[in-house]
Amino acid sequence: MGTAYVSNQIARIEKVPFDVSKLHQSEAMAAQHGMVDAGDGDKQVWRVEGSQRVLVDSGFFGQFFGGDSYIIQYHYHHDNRQGDLIYIWQGAESSQDEVGASAILAVQLDDELGGGAVQVRVVQGKEPAHLLSLFKGQPMVVHKGGTSREGGQSEAAETRLFQVRANPAGDCRAVEVDVSSSSLNSNDVLLLISSGGSWMWRGRGSSEAEVQGAEKLADLLHVSPALLEEGEEAGAFWDALGGQQEYCRSPRLKTSMEARPPRLFACSNKTGTFLMEEVPGELTQDDLAPDDVMILDTWDQVFVWIGNEAREEEKTEAAASAVRYLESDPAGRDPRTPTVTVKQGFEPPTFSGWFLG
């Protein structure tokens with residue numbers, strides 16, 4: 001697993017610029033930007049309660065609480081392409097029992113849908129681009145803790161700080177962060193709510209989409225913030241944050257695909273030992289062996305592809321090996337990177353678009 005890239009074996013993939021209107025026509029674009037479509041398909045959201053899934057009240061649609069785990073079913077349909085995605089969102093403070101139940105409930109839902117759904121495990125704070133696009137017209141809001149069940153929100157006038165960041169498609173994520181001036185970031189818009197007032201702090205490098213996302217968040221939280229440009233802060237603002245500290249002022253770096261090309265591994269236990277072997281060179285569909293499980297690493301997500309003739313133990317071992325692969329990668333990967341399980345014959349364009357032809 002620790003092999004460095006060999007220059008003549010790197011898959012050459014043309015970078016495709018993002019255009020939301022052409023998304024469904026281009027599998028390469030879908031793959032590189034992690035978007036099966038523009039998020040306008042049918043969707044349902046459930047919260048995990050005990051070992052059951054409970055439909056989320058429409059008033060909380062698009063809001064995720066760190067004390068909960070959720071299951072989101074998404075159906076995409078365009079021209080001759082359709083399929084189901086099941087997102088399993090696991091809150092940082094969700095109980096181990098509910099995190100475990102979320103995986104079991106996702107498998108049950110997959111069975112109800114006919115067994116061809118794509119399952120995407122998402123850990124709080126690592127939401128993939130497509131998930132953000134599902135809440136059209138409002139940001140995906142991630143509350144630090146708490147729960148969306150009856151009486152789960154404390155109405156205390158505590159100070160809260162939300163960081164609003166948009167992706168290339170213009171969809172925003174609003175994440176509750178530590179109340180500290182070190183949480184500010186020149187690339188983003190932040191919403192500060194305190195008993196002494198509320199402010200919408202606009203970083204120099206932030207975008208119009210982020211300002212709009214913060215305005216919608218303010219409506220959602222029923223506050224009317226004062227607009228504050230970076231550099232115009234006054235005493236009350238710094239006081240609410242507990243004093244002035246250093247924060248990130250450097251422009252955000254875009255990770256380039258050229259530096260981190262996709263890698264494909266075949267996983268097999270035919271020899272009696274579970275082995276992972278890298279497939280060199282251009283990625284072609286012939287590389288996907290139906291009697292194996294394959295792992296495709298596209299850096300910001302890891303796909304586990306299950307061949308129709310793969311053995312049972314390879315299937316059960318595969319999801320665990322994707323997590324171990326991330327943990328053991330010498331490049332120091334984030335173990336919370338989303339892992340996506342895909343079955344042969346039901347590949348979404350976010351997977352198939354990485355392969356030639």
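A salt bridge is a side-chain nitrogen of Lys or Arg within 4 Å of a carboxyl oxygen of Asp or Glu. By this rule, the count for the structure comes to 16 salt bridges. The model is predicted, and its chain has 357 residues. The secondary structure comprises 7 helices and 17 strands. A search of the whole structure also finds 12 aromatic pairs.

**Overall form**

- A compact globule with 357 residues would have a radius of gyration near 21 Å, and the chain agrees with this because its own value is 21 Å.
- Taken along the principal axes, the C-alpha atoms fill a box of roughly 65 × 45 × 40 Å.
- Of the 357 residues, 49% count as buried.
- The chain exposes about 16,700 Å², of which carbon and sulfur atoms supply 49%.
- Among contacts between residues at least 6 apart in sequence, 66% join residues at least 24 apart.

- Aspartate 110 and lysine 343 meet through their side chains in a salt bridge, at 2.3 Å from N to O. This pair links distant parts of the chain, with aspartate 110 in helix H2 and lysine 343 in strand S17 (residues 339-343), 233 residues apart.
- Aspartate 110 counts as buried because its relative accessibility is 4%, where buried means under 20%. Lysine 343 also counts as buried, at 19% relative accessibility.
- Arginine 53 and glutamate 112 form a salt bridge through their side chains, at 3.2 Å from N to O. Arginine 53 lies in strand S2 (residues 52-55) and glutamate 112 in helix H2 (residues 96-112), so the pair ties together parts that are 59 residues apart in sequence.
- Arginine 53 is partly exposed, with a relative accessible area of 23%, whereas glutamate 112 is exposed, with a relative accessible area of 54%.
- Glutamate 27 forms a salt bridge with arginine 81, in which the closest N and O atoms are 3.3 Å apart. Here the pair links helix H1 (residues 27-33), which holds glutamate 27, to strand S5 (residues 81-90), which holds arginine 81, and the two residues are 54 residues apart.
- Glutamate 27 is partly exposed, with a relative accessible area of 32%.

**A salt-bridge network**

- Lys126, Asp334 and Arg336 are linked in a network of salt bridges.

**Aromatic pairs**

- A pair of aromatic rings is described by the distance of the centres and the angle of the planes.
- Phenylalanine 64 and tyrosine 70 form an edge-to-face aromatic pair, at 4.9 Å centre to centre and with 70° between the planes. Both phenylalanine 64 and tyrosine 70 are buried.
- Phenylalanine 303 and phenylalanine 351 also form an edge-to-face aromatic pair, at 5.5 Å centre to centre and with 65° between the planes. The pair links distant parts of the chain: phenylalanine 303 is in strand S16 (residues 302-306) and phenylalanine 351 in helix H7 (residues 349-352), 48 residues apart.
- Phenylalanine 303 counts as buried at 1% relative accessibility, and phenylalanine 351 is buried with a relative accessible area of 1%.
- Ring pairs link Phe61, Phe64, Tyr70, Trp89 and Phe135 into a cluster.

**Charges over rings**

- The charged end of arginine 53 sits over the ring of tryptophan 46, 4.5 Å from its centre. Arginine 53 is also the partner of glutamate 112 in a salt bridge.
- The charged end of arginine 249 sits over the ring of tyrosine 247, 4.1 Å from its centre.

Definitions and conventions: Residues are numbered from 1 along each chain as its sequence is written. This is a predicted model: local features need pLDDT of at least 70, side-chain atom pairs count only at pLDDT 80 or more; totals for chains, interfaces and linings use all residues. Side-chain values use heavy atoms; hydrogens and water are left out. Rings of Phe, Tyr and Trp (its six-membered ring) pair if their centres lie within 6.5 Å; planes under 30 degrees apart count as stacked, over 60 as edge-to-face and the rest as tilted. Buried means under 20% relative accessible area, exposed over 50%, partly exposed in between (1.4 Å probe, protein chains only). Helices (H or I, at least four residues) and strands (E, at least two) are DSSP runs, numbered from the N terminus. A charge sits over a ring if NZ of Lys or CZ of Arg is within 6 Å of the ring centre and within 35 degrees of the ring normal. The radius of gyration is taken over C-alpha atoms; the globule rule is 2.2 Å times the number of residues to the power 0.38. Contact means heavy atoms within 4.5 Å. Accessible areas come from the Shrake-Rupley method with a 1.4 Å probe; for residues, only the protein chains shown count as cover.
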